[in-house]
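Visitor: I would like to learn how to read the contacts in a model like this one, beginning with the aromatic rings. Could you take me through the features one at a time?

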Amino acid sequence: MMRFLLLFSRQGRLRLQKWFTPMTEREKKKIIRDMTTLVLARQPRSCNFIQWKDLKIIYKRYASLYFCLGVENQENELLALEVIHRYVELLDKYFGNVCELDIIFNFEKAYFILDEFLMGGEIQETSKQMVNRSIEASDMLQETLEEYMSKPAF
Amino acid sequence: MPAVSKGDGMRGLAVFISDIRNCKSKEAEVKRINKELANIRSKFKGDKALDGYSKKKYVCKLLFIFLLGHDIDFGHMEAVNLLSSNKYTEKQIGYLFISVLVNSNSDLIRLINNAIKNDLASRNPTFMNLALHCIANVGSREMAEAFASEIPRILVAGDTMDSVKQSAALCLLRLNRTSPDLVPMGEWTARVVHLLNDQHLGVVTAATSLITTLAQKSPDDFKTSVSLAVTRLSRIVTSASIDLQDYTYYFVAAPWLSVKLLRLLQCYPPPEDTSLRSRLTECLETILNKAQEPPKSKKVQHSNARNAVLFEAISLIIHHDSEPTLLVRACNQLGQFLQHRETNLRYLALESMCTLASSEFSHEAVKTHIETVINALKTERDVSVRQRAVDLLYAMCDRSNARQIVAEMLSYLETADYSIREEIVLKVAILAEKYAVDYTWYVDTILNLIRIAGDYVSEEVWYRVIQIVINRDDVQGYAAKTVFEALQAPACHENLVKVGGYILGEFGNLIAGDPRSSPLVQFNLLHSKFHLCSVPTRALLLSAYIKFINLFPEVKATIQDVLRSDSQLRNADVELQQRAVEYLRLSCIASADTLATVLEEMPAFPERESSILAKLKKKKGPGKLPENVNGSAEEPAASSKPDTACWWTSSPTSRLLLLLLLLLLLLRWRTTCPGEPSSLRPPPFAPRRSDVLLRLLRFICKNNGVLYENQLLQIGLKSEYRQNLGRIYVFYGNKTTSQFLGFSTAVSSSDLNVHAKAVEPVIEGGAQLQQILNIECVTEFCDVPVLHIQFRPPSNVLTPDSVCQSRYGGTLQNIEVKLPVMLNKFFQPTEMTSQDFFQRWKQLGA
């Protein structure tokens with residue numbers, strides 16, 4: 001089971017945090033601090049896995065963002081790497097050549113996409129098509145661009 | 001213009017985010033945020049009801065502010081309101097907000113649960129999914145109570161859409177993890193297992209996750225899933241890559257599902273049904289074969305997915321531990337990975353091999369890779385890979401390669417990362433002890449450990465080496481010699497001083513014959529480190545010194561001088577001061593025999609579970625420690641309790657101290673006990689007041705005995721009482737050889753009537769005079785009567801006064817003795833029934 005997913009920049013600024021188990025704010029802050037220090041300190045050509053307390057940490061850097069996944073001990077590490085990759089693919093498909101700015105300005109979308117394919121700490125839907133289809137379906141329920149432009153700017 | 005791709009970007013939100021990003025400093029950011037918070041607050045409180053879009057926008061802004069790291073204490077109500085909106089986006093934001101900012105306000109919880117219930121009943125799959133997601137994200141107990149019965153029904157209902165089924169399965173899984181008692185699985189079990197046969201692979205994936213967790217808790221209920229899982233797995237593994245369409249990930253067929261099925265199979269032993277078992281074996285062989293084929297794509301995702309399935313299959317093979325061919329093949333495959341280009345694969349191979357090393361079939365196969373692993377230890381740049389290599393060396397260690405492995409680990413220790421040193425120290429200590437054929441090697445190894453990484457050598461390690469040295473006679477001399485040599489290094493670690501101090505204290509005599517390690521040299525060596533050590537070490541050294549006094553009388557004076565110095569006797573630390581004082585005293589007053597008994601060689605420790613193993617388990621956390629087993633029955637106990645306060649098993653120093661204290665107390669007691677005076681010592685001239693009081697008090701319960709005694713006179717009593725009358729026969733014994741003259745007595749009493757018969761004024765030497773006292777008790781009394789005696793002793797006896805005057809002479813003696821006539825002497829028993837007694841008793845309280 002996955003415990004948490006964190007996205008942070010190379011300067012350590014957190015862009016997304018998803019927690020799959022209940023935790024106090026204090027614990028969350030501590031984990032965020034620990035993870036950023038741990039991952040940012042890694043050498044370039046080391047392996048992508050770290051043993052931390054009783055969890056495994058799988059991390060990967062995509063452009064300027066670090067994706068950091070904390071999983072329980074029995075999880076398959078290589079597959080966790082692929083979970084991260086799958087998420088990046090989905091973001092890429094949705095935003096078209098995704099970059100960090102997209103995630104900053106559309107953070108709620110990033111969460112929605114994440115929720116489509118992960119749930120309760122497990123991967124929910126492994127078919128990329130299915131996930132894309134459901135994201136598009138929910139987008140259909142939203143406004144068009146004209147409606148967007150007519151909205152107030154504050 | 002911020003990047004907006006499609007659909008509903010909230011313009012106000014985008015502007016706000018830009019503003020934040022443009023803030024030059026933290027203070028500006030906080031200022032902007034506070035401004036926004038005030039704005040939102042006023043909007044929420046305002047008279048005009050906000051429209052859905054604005055509410056959504058503000059709630060989203062609050063969420064953003066929260067995720068930046070600031071605290072939000074309002075907005076929950078508005079978010080909950082959004083839940084009941086009909087617009088999907090508004091609902092979505094509402095759910096997101098309450099999943100992230102979980103609130104335990106019970107009113108809100110009720111409202112949220114209501115909204116969720118509505119959405120679940122709405123039959124709109126998108127809404128249902130949102131609701132299920134929220135339950136899975138929050139998973140609180142209240143939600144579990146409200147929905148735990150509903151969700152299984154949704155899961156197995158025929159008309160539920162596939163996507164909803166997936167969500168329901170994982171939602172149920174989440175609830176089961178947090179509140180297992182509330183999730184009723186009994187009636188749904190069969191239907192859930194049946195989901196494994198579903199056409200939609202997503203549903204199967206979700207169902208497998210659910211079943212795996214449930215099967216861990218109650219394996220029997222889900223036994224039927226094994227055959228279904230095997231069938232499914234073999235279908236996937238043998239499928240061509242186009243069959244599964246979208247579930248193929250970079251040319252690997254359904255990797256997630258395969259891994260999950262393999263994980264499910266790891267909850268059960270190998271299937272008993274032979275056809276099933278052979279099918280499974282076939283499956284696993286196919287996976288192993290596929291790993292040997294050339295890759296279909298250069299992309300790392302392809303190899304990752306393929307290898308992920310491979311590693312999980314190897315885990316299953318290891319778990320079953322029943323097919324030697326498979327195990328050997330797995331081992332070979334891992335051996336190939338040990339030298340792969342990719343660091344990830346080397347890491348995982350080392351990790352998997354650790355588990356493989358504990359199986360008896362493959363232990364030998366694993367050992368063949370020892371050179372590769374040692375090489376990895378020396379050359380890997382990544383510290384986590386080196387750590388895995390250490391773990392593997394530990395796991396594959398057995399009698400044949402113990403020396404080599406321990407030597408490698410020791411040399412690695414010299415350059416190891418500080419965070420992992422303690423673990424390596426513990427492992428080396430365990431290995432050295434377990435595989436020591438020759439205990440001299442063990443002693444060397446531990447001393448090396450202390451030399452290299454003294455700070456990380458915990459107490460358990462050096463207690464253990466001392467326990468072993470004490471228990472084994474053959475290694476004691478060697479230990480003493482080695483420790484002596486090690487201590488001569490100019491800068492040695494404090495732990496070495498502790499070990500050295502203890503061992504020389506116990507066994508220094510074994511090397512004292514050699515002039516280079518004579519007692520004085522040993523003492524000087526230890527004492528030269530004394531002032532550099534912390535308090536506990538110094539305490540230990542003081543114990544060693546007193547042991548030296550016992551072993552080597554020739555250095556007694558030297559050591560006593562050290563103990564006598566003010567820095568010891570007036571040391572600020574209470575423990576050291578006490579030890580110095582007591583040891584000094586012990587060395588002065590105890591005879592050689594006593595000292596030898598007190599400081600006898602430590603008896604052998606009872607053979608127990610090593611506390612080092614317990615400490616290592618605690619450090620590693622649950623489930624991570626690869627058991628160091630070489631296939632036979634050397635399994636370390638699963639739960640060895642760490643050392644507690646049992647004095648027998650505590651540190652050697654504290655045992656010695658306790659022993660010493662007991663003996664000292666004994667000695668002290670003997671010198672001051674007011675018991676029967678020994679014949680060697682004459683009684684004191686005037687008995688001490690405490691003695692007199694003691695004697696008097698003894699008469700509370702007895703009527704006869706000696707009341708008073710001094711050098712001249714002994715007074716004995718015999719008394720009898722009846723009702724309110726008593727009679728005491730007082731016997732005055734003249735202990736000298738000449739007469740007492742002018743002997744007279746008088747009794748004074750406040751409340752009693754005492755009638756004393758007259759006595760002769762002369763008592764002959766060595767004779768006894770009897771006096772009868774008649775006593776009548778007329779009222780209750782507190783004070784005992786006092787007997788006054790006057791007499792003149794013979795002139796040839798020294799009295800305290802006459803000593804000063806240097807004149808013998810019978811000076812008048814005045815003695816006052818309390819007579820033991822107490823109220824209880826006049827008590828009489830009475831009989832009554834228990835009712836009467838309790839009645840009276842209760843009256844007393846009132």
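Guide: Rings of Phe, Tyr and Trp (its six-membered ring) are taken as a pair if their centres lie within 6.5 Å, and planes under 30 degrees apart count as stacked, over 60 as edge-to-face and the rest as tilted. By this rule there are 27 aromatic pairs over all chains. This is a predicted model, in which local features need pLDDT of at least 70 and side-chain atom pairs count only at pLDDT 80 or more, while totals for chains, interfaces and linings use all residues. Residues are numbered from 1 along each chain as its sequence is written, chains are lettered from A and ligands numbered from 1 in the order in which they are written, and side-chain values use heavy atoms, with hydrogens and water left out.

Visitor: Why is the pair of A:Phe107 and B:Phe64 classed as it is?

Guide: A pair of aromatic rings is described by the distance of the centres and the angle of the planes. The ring centres of A:Phe107 and B:Phe64 are 5.3 Å apart and their planes stand at 45 degrees, so this pair is tilted. It crosses between chains, running from A:Phe107 in helix H4 (residues 107–117) of chain A to B:Phe64 in helix H3 (residues 52–68) of chain B, where helices (H or I, at least four residues) and strands (E, at least two) are DSSP runs numbered from the N terminus. Both A:Phe107 and B:Phe64 are buried, a term that means under 20% relative accessible area, with exposed being over 50% and partly exposed in between (1.4 Å probe, protein chains only).

Visitor: Which other rings form pairs or a cluster?

Guide: B:Phe548 and B:Phe552 form a tilted pair, with 5.4 Å from centre to centre and 55 degrees between the planes, and these two residues are both buried. In chain A, ring pairs link A:Tyr62, A:Phe67, A:Tyr87 and A:Phe117 into a cluster.

Visitor: Where does a charge lie over the face of a ring?

Guide: A charge sits over a ring if NZ of Lys or CZ of Arg is within 6 Å of the ring centre and within 35 degrees of the ring normal. B:Lys91 lies over the face of B:Phe127, 4.5 Å from the ring centre, and B:Lys547 lies over that of B:Tyr502, at 4.2 Å.

Visitor: How many residues does each chain bring to the contact between chain A and chain B?

Guide: With contact meaning heavy atoms within 4.5 Å, chain A brings 69 residues and chain B brings 83 residues. About 6,800 Å² is buried between the two chains, 55% of it on carbon and sulfur atoms; buried area here is the accessible area (1.4 Å probe) that two parts lose on being put together, summed over both.

Visitor: How many salt bridges are counted between chain A and chain B?

Guide: Side chains of opposite charge can pair when their charged atoms come close. A salt bridge is a side-chain nitrogen of Lys or Arg within 4 Å of a carboxyl oxygen of Asp or Glu, and the count between chain A and chain B is five. The side chains of B:Asp382 and A:Arg42 meet in a salt bridge with an N to O distance of 3.2 Å. This pair joins B:Asp382, in the loop between helix H20 (370–379) and helix H21 (383–396) of chain B, to A:Arg42, in the loop between helix H1 (25–40) and strand E3 (49–52) of chain A, and both residues are buried.

Visitor: What does B:Glu312 touch?

Guide: B:Glu312 is found in helix H16 (residues 300–320) of chain B and is buried, with a relative accessible area of 5%. Leaving out residues up to four places away in sequence, B:Glu312 touches A:Asn76, B:Val259, B:Leu262, B:Arg263 and B:Gln266. A polar contact is a pair of N or O atoms within 3.5 Å; within protein, one must be able to donate a hydrogen and the other to accept it, and residues adjacent in sequence count only if both atoms are side-chain atoms. The side chain of B:Glu312 makes such a contact with that of A:Asn76 at 2.9 Å, and another with that of B:Arg263 at 3.4 Å.
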